[in-house]
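Please keep the sequence and the 3D view open as you read.

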Amino acid sequence: MSLLAERNIQAVIFDMDGTLLDSTQSVERCWDRLAEAMGVDRATAPFKHGIPSIPTIRATLPDATEDEVLAWNRVHLALEVEDASASTAIPGVFELLAALDATGVPWGIATSCQRELGNARHAAAALPRPDVFVFAEDYLRGKPAPDAFLAAAAQLGVDPACTIVVEDAPAGVRGGVDAGAYVCAVTSTHPRGELGEAHVVVDSLTELRLLLLGA
């Protein structure tokens with residue numbers, strides 16, 4: 001029996017970067033450029049995959065005013081949008097989403113990206129449009145808080161407990177668990193040992209498709 005049927009799942013919510021598309025090199029380049037512009041040591045700056053940029057900038061520059069944080073966020077966003085064309089679809093994603101569409105189970109994306117960047121990366125990877133697309137502007141607290149997934153579930157009109165969250169980063173896994181979802185983690189950016197809070201861990205989207213759909 002497929003996991004969707006076994007758990008009576010009403011919707012699937014995907015993280016985007018590192019889960020559906022690969023933007024890792026772009027992310028690293030842009031954090032490098034921002035660190036250089038800020039005059040901070042990139043090696044010791046608290047830049048982590050899956051964490052929104054504004055809290056990351058606050059942690060990097062704890063003495064900065066909120067206006068300064070927002071100004072650096074605009075710089076970072078411009079760098080990322082400029083580099084968004086480097087984003088590519090992760091192997092197996094088109095087959096997974098097509099198979100999910102065939103079941104009639106709706107799916108959404110809950111990303112830490114701001115809307116402009118999320119749309120740019122999504123378009124660059126040529127991914128199909130989700131039923132619901134939730135961006136950083138659409139919720140209050142970034143991952144590891146559950147807000148992104150709760151917002152996506154609300155827009156999909158389903159109980160978070162009846163959703164599967166698919167993530168690649170520890171912060172997103174924690175957010176999915178705290179949202180009350182069943183969490184599937186993919187080892188595309190982090191090893192299994194860092195994804196242990198997930199209910200199940202897979203190594204590819206092909207493996208995830210077989211788990212979710214049995215086909």
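Arginine 29 counts as partly exposed because its relative accessibility is 30%; the term covers the range between buried (under 20% relative accessible area) and exposed (over 50%), with a 1.4 Å probe and protein chains only. Its side chain meets that of aspartate 83 in a salt bridge, 2.8 Å from N to O. Arginine 29 belongs to helix 2 (residues 24-38) and aspartate 83 to helix 4 (residues 66-83), so the bridge ties together parts that are 54 residues apart in sequence. Aspartate 83 itself is buried, with a relative accessible area of 13%.

A word on the basis of all this: the model is predicted, local features need pLDDT of at least 70, side-chain atom pairs count only at pLDDT 80 or more, and totals for chains, interfaces and linings use all residues. Residues are numbered from 1 along each chain as its sequence is written, and side-chain values use heavy atoms, with hydrogens and water left out. Helices (H or I, at least four residues) and strands (E, at least two) are DSSP runs, numbered from the N terminus.

**Salt bridges**

How many salt bridges does the structure hold? There are 15, where a salt bridge is a side-chain nitrogen of Lys or Arg within 4 Å of a carboxyl oxygen of Asp or Glu. Here are some of them.

| Pair | N to O distance |
|---|---|
| Arginine 29 and aspartate 83 | 2.8 Å |
| Arginine 58 and glutamate 66 | 2.7 Å |
| Arginine 115 and aspartate 138 | 2.7 Å |

Glutamate 66 is partly exposed at 39% relative accessibility, and arginine 58 is partly exposed with a relative accessible area of 39%. The side chains of aspartate 138 and arginine 115 also meet in a salt bridge. That pair links distant parts of the chain, 23 residues apart: aspartate 138 sits in the loop between strand 5 and helix 7, and arginine 115 in helix 6.

Six strands make an open sheet with parallel pairing, in the order 5-4-1-6-7-8; two strands pair if DSSP finds at least two bridges between them. Strand 5 and strand 8 (200-202) are the edges, each pairing on one side only. Strand 4 (residues 107-110) pairs with strand 5 in the parallel sense over three bridges, and glycine 108 stands opposite valine 132 in strand 5. Helix 9 (residues 205-213) packs on the sheet and touches strand 1, strand 6 (163-167), strand 7 (182-186) and strand 8; contact means heavy atoms within 4.5 Å.

In helix 8 (residues 170-179), the buried residues include Ala171, Gly172 and Val173. The buried residues of this helix pack against helix 7, strand 6 and strand 7. After helix 8 comes glycine 180, with a positive phi near 90°.

**Backbone details in the loops**

Which peptide bond is cis? The one from lysine 143 to proline 144, with omega near 20°. Proline 144 lies in the loop between strand 5 (132-134) and helix 7 (147-156).

Asparagine 8 is not a glycine, yet has a positive phi of about 55°. Asparagine 8 is located in the loop between helix 1 (3-6) and strand 1 (11-14), and is exposed, with a relative accessible area of 54%. Alanine 126, also not a glycine, has a positive phi of about 60°. Alanine 126 is in the loop between helix 6 (115-124) and strand 5 and counts as exposed at 52% relative accessibility.

Key
Axes fitted to C-alpha atoms, helices over the stretch in contact; angles between N-to-C directions.
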